[in-house]
Amino acid sequence: EGPIPFHGARQAALTSPQLPATKLLAFDLPATSAAADREALRTLLAAWTRTLAASAGPAPDPRLRTEDGAPRLTSLVGLGPALAARLALAVPAGFADLPAFPGDRLDPARGGGDLLLQLCAADHWTLAVVAELATTAAHGAGATPRWAQSGFLPRTAPGATPRNLFGFKDGTANPDEDLARQWVWGPAGPHENATVLVYRRIRMDTVAFAALPEEQQNLAMGRRIGDGAPLTGTAEHDEPDLYAKHPDGAYVIPTTAHVRLTGPRLDGGARMLRRGYSYDDAPGDRGLLFCAFMRDPGQFTRVQNRLAERDALNPFLEHTASAVAYVLPGAPEGAALGDHLWA
Ligand code: HEM
């Protein structure tokens with residue numbers, strides 16, 4: 001407990017345990033000339049580095065000061081595919097917008113964007129103040145706000161997995177550091193400490209799902225709502241056994257279960273790092289801010305195509321916004337975010 005350093009090899013919103021409140025902010029950088037746009041981006045990233053480091057450091061804005069000096073705050077900054085293409089930035093191979101998926105009901109005003117900033121903190125006060133400072137810095141470099149989205153997690157014991165608004169533990173099967181090096185972080189080279197964020201705002205019919213008998217909820221997920229254990233196991237972190245069958249020949253984890261369709265076995269072992277948040281914006285508009293990090297957004301596309309076809313959760317879900325971002329490597333002490341782009 002105490003302030004979380006901004007500087008490091010990787011951006012802090014990815015390396016520290018999930019803080020309970022988040023705000024995502026997207027901005028557009030109006031197009032002028034390629035040279036001027038590159039300069040604007042460089043100015044903006046330098047300004048955000050200063051703002052975010054100061055907000056997490058010993059002498060933040062007076063509104064952020066705490067007994068520990070600075071509030072617990074983490075952040076990450078990413079670049080959208082259109083901006084990367086326009087400025088011919090050296091982003092990872094395969095970094096591109098997602099295709100359309102069956103069932104998508106995407107609102108363009110709530111998704112996309114040239115720049116994406118995720119702030120995470122212990123409370124919404126901190127987020128509101130830092131969002132204001134970051135927005136002012138973005139304005140200074142000519143960027144304009146596009147959308148913003150707040151989210152939250154339930155109070156959860158340290159090390160325990162938070163639940164989503166269906167009531168299930170969400171984030172259990174995340175990769176460890178060895179697997180993440182292969183599937184989440186870039187290959188050795190300039191993208192080694194970079195990754196790609198896939199963001200989906202997914203509305204959930206929590207009322208209809210809660211009305212299902214618990215047995216049906218468990219079959220839809222392939223895990224038990226109480227302890228998060230797979231239907232083939234007894235503890236949360238037991239590996240789901242996708243081959244186990246009942247005496248009548250039916251799979252214990254049904255063919256439409258979310259955990260079967262998303263499992264790495266169907267995808268050559270590919271893994272993504274999920275750090276989602278819940279949202280509650282209006283009556284009937286609550287759900288999951290799906291935030292997943294991976295080396296290649298194709299990993300998401302393959303899984304989402306399978307889900308769109310037959311996920312048992314589908315009757316309760318609607319994807320309402322989408323964004324992808326190249327998440328920059330962290331800025332070491334003395335450096336600015338994105339310095340490698342100009343080398
Ligand atoms: C696993 C919920 C959407 C990918 C899980 C689990 C839950 C869950 C409860 C099991 C516990 C865990 O390992 O975290 C949800 C809900 C969704 C949603 C409520 C929609 C609102 C998605 C989407 C994707 C996805 C859109 C990707 C396209 C995964 C993956 C796993 C997973 C990769 C881990 C599978 C494994 O390795 O066993 N999800 N999920 N989920 N979900 Fe989702």
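Residues are numbered from 1 along each chain as its sequence is written. Because the model is predicted, local features need pLDDT of at least 70 and side-chain atom pairs count only at pLDDT 80 or more, while totals for chains, interfaces and linings use all residues.

**Colour by confidence.** The protein chain has a mean pLDDT (the predictor's confidence in each residue, from 0 to 100) of 96, and 100% of its residues reach 70 or more. The model's scores are ipTM 0.99 and pTM 0.98.

**Select the ligand.** Around the ligand are 28 residues, counted when the C-beta atom, placed from the backbone, lies within 6 Å. Phe168, Thr172, Ala173, Thr262 and Leu288 come nearest. Next, show β5 (195-204), α8 (258-262), β8 (285-294) and α9 (298-310), the elements that give two or more residues to this shell. Helices (H or I, at least four residues) and strands (E, at least two) are DSSP runs, numbered from the N terminus. The most comes from α9, with four residues.

**Select Leu197.** Setting aside residues up to four places away in sequence, Leu197 touches Gly78, Leu116, Cys291, Phe293, Val324, Ala325 and Val327; contact means C-beta atoms, placed from the backbone, within 7 Å.

**Finish at Gly112.** Look in the loop between α3 (81-86) and β3 (115-121). Gly112 is buried, with 22 other C-beta atoms within 10 Å; the cut-off for buried is 20 or more. Gly112 touches Gly80 and Ala323, again leaving out residues up to four places away in sequence.

How values were computed:
Two residues are in contact if their C-beta atoms, placed from the backbone, lie within 7 Å. A residue is buried if 20 or more other C-beta atoms lie within 10 Å of its own, exposed if 12 or fewer, and partly exposed in between; C-beta atoms are placed from the backbone.
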